[in-house]
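Hello,

Please have a look at it first and then read on.

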Amino acid sequence: MYDIRDINLAPSGHQKIEWVRNHMPLLRAMEDEFSETLPFEGLKISLSVHLEAKTAYLCKVLAAGGAKMSITGSNVLSTQDDVAAALADLGLDVFAYHGATSEEYSGHIEKCLECRPNIIIDDGGDLVGMIHDKRPDLGEEVFGGCEETTTGVIRLKAMEREGVLRFPMVAVNDADCKHLFDNRYGTGQSVWDSIMRNTNLIIASKTVVVVGYGWCSRGIAMRAASLGAKVIVTEISPVKAMEAKMDGCDVMKMEKAAEFGDIFITATGCARTITVDHMLSMKDGAILANAGHFNCEIDMDELEKRAVSKKEARNNIMGYTLENGRTVNVIAEGRLVNIAAADGHPAEIMDLSFAVQALSALYIKENYRNLENKVIDVSEEIDDKIARRKLASWGIQIDELTDYQKKYLSSWQV
């Protein structure tokens, strides 16, 4: 079953998947292991993650473990049609294509759930949201699931607080082997890859305004500085604002930062962090990009209403002329810039994140009967196993505590 426009794209997709497979040793090892043990045999997994090559390989690994996969994307611009075609060519159920309308995207989410899944793998919370909003009948069959990103975890915790979450969900995003590497190094590299390839402009000498200073923003700011930019950070947390200052960034309110920035990047998981009023204070030609999950961090709805005119300035860049005659240039419709207008995080980084996903899905399968309907942290055991395997793939060995040291660390006496 294949909801896409051209199955003939599959050869290109297979090539992309094979390339990332060669650079994802953790998932390769899991593919070999799962092929023998078949831990997901007889189970149905619905997955909504940015549908590109790394995600496709995760799907292949889970399918190798016996899972019947039902797959869709998590963003209307991030699906790569040739990769989706390749998965369909392998016999997996795929419901996604690049450039879907909001209505088509919702339809793909619904179709992805028609298999009546036992395990959910989500990125942003749209699968879980659909079950709770429109298909509560499916909740009884779901053992639980895994959430990939900050925005999705925020939504899940809100559901937990309100007592409406119908099954346990593992906060994959909060695992050390995910957020310390994927959010920081993955986002830091891939956001600048996207901005540079889409603008073809130099970063050195420019002023970059980074909205927020969580792990994603730290990576973005770190890479901006290494490229020669001056970095300004806006924050609502006094502690994170101090961190940004001590990391060498200027810190100020957005209404002031708007006057100085050449490039603005949001990464907060919140909404309307850059408004049209902020844009009216920006330099003519300012560049705006969003590295958060949803396209509401830059207030695109209000910008569409208040812009005097708009025109495509370059592929993936729309220029909006404001009432004061200045133009702001928005990359990828204000959607997740590093995946909607580039290839997403490096394969080696997603090897870590998707290893967490695979082992967390296995944890749900093995433990769901004993879990409450809450947001669950990834266990230290899973983080430790993945980190050790990654180090081994690099040929790195580390020290171990001696018995004396273990006793010393467990004692209150010196």
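How much space lies in the largest pocket? About 1,000 Å³. Before the rest, a word on the source: this is a predicted model, in which local features need pLDDT of at least 70 and side-chain atom pairs count only at pLDDT 80 or more, while totals for chains, interfaces and linings use all residues. Residues are numbered from 1 along each chain as its sequence is written, and side-chain values use heavy atoms, with hydrogens and water left out.

Now the pocket itself. On a 1 Å grid over the protein atoms alone, a pocket is an open set of points with protein on both sides within 12 Å along at least five of seven lines; a cavity is a set where a 1.4 Å probe fits but cannot get out; lining residues have an atom within 4 Å of a point. Grid points are joined across faces, edges and corners, and a volume is the space filled by probe spheres set on them. The largest pocket has 50 lining residues, and Thr150, Cys216, Ala267, Thr268 and Gly269 lie nearest its centre. Its lining has 16 nonpolar, 22 polar and twelve charged residues (Ala, Val, Leu, Ile, Met, Phe, Trp, Tyr, Cys and Pro count as nonpolar, Asp, Glu, Lys and Arg as charged, the others, Gly among them, as polar).

There is also one cavity of 30 Å³ or more. The largest cavity has a volume of about 40 Å³, and its lining divides into five nonpolar, five polar and no charged residues. Among those lining the largest cavity are Thr72, Tyr97 and His108.

Which rings pair up? The whole structure holds three aromatic pairs (rings of Phe, Tyr and Trp, its six-membered ring, with centres within 6.5 Å; planes under 30 degrees apart are stacked, over 60 edge-to-face, the rest tilted). Phenylalanine 143 and tyrosine 368 form a stacked pair, because their ring centres are 3.8 Å apart and their planes are at 5°. These two residues are 225 residues apart, so to speak linking distant parts of the chain. Both phenylalanine 143 and tyrosine 368 are buried (under 20% relative accessible area, with exposed over 50% and partly exposed in between; 1.4 Å probe, protein chains only).

Finally, arginine 218 lies over the face of tryptophan 215, 4.1 Å from the ring centre (CZ of Arg or NZ of Lys within 6 Å of the ring centre and within 35 degrees of the ring normal).

Best wishes

Terms used:
Helices (H or I, at least four residues) and strands (E, at least two) are DSSP runs, numbered from the N terminus.
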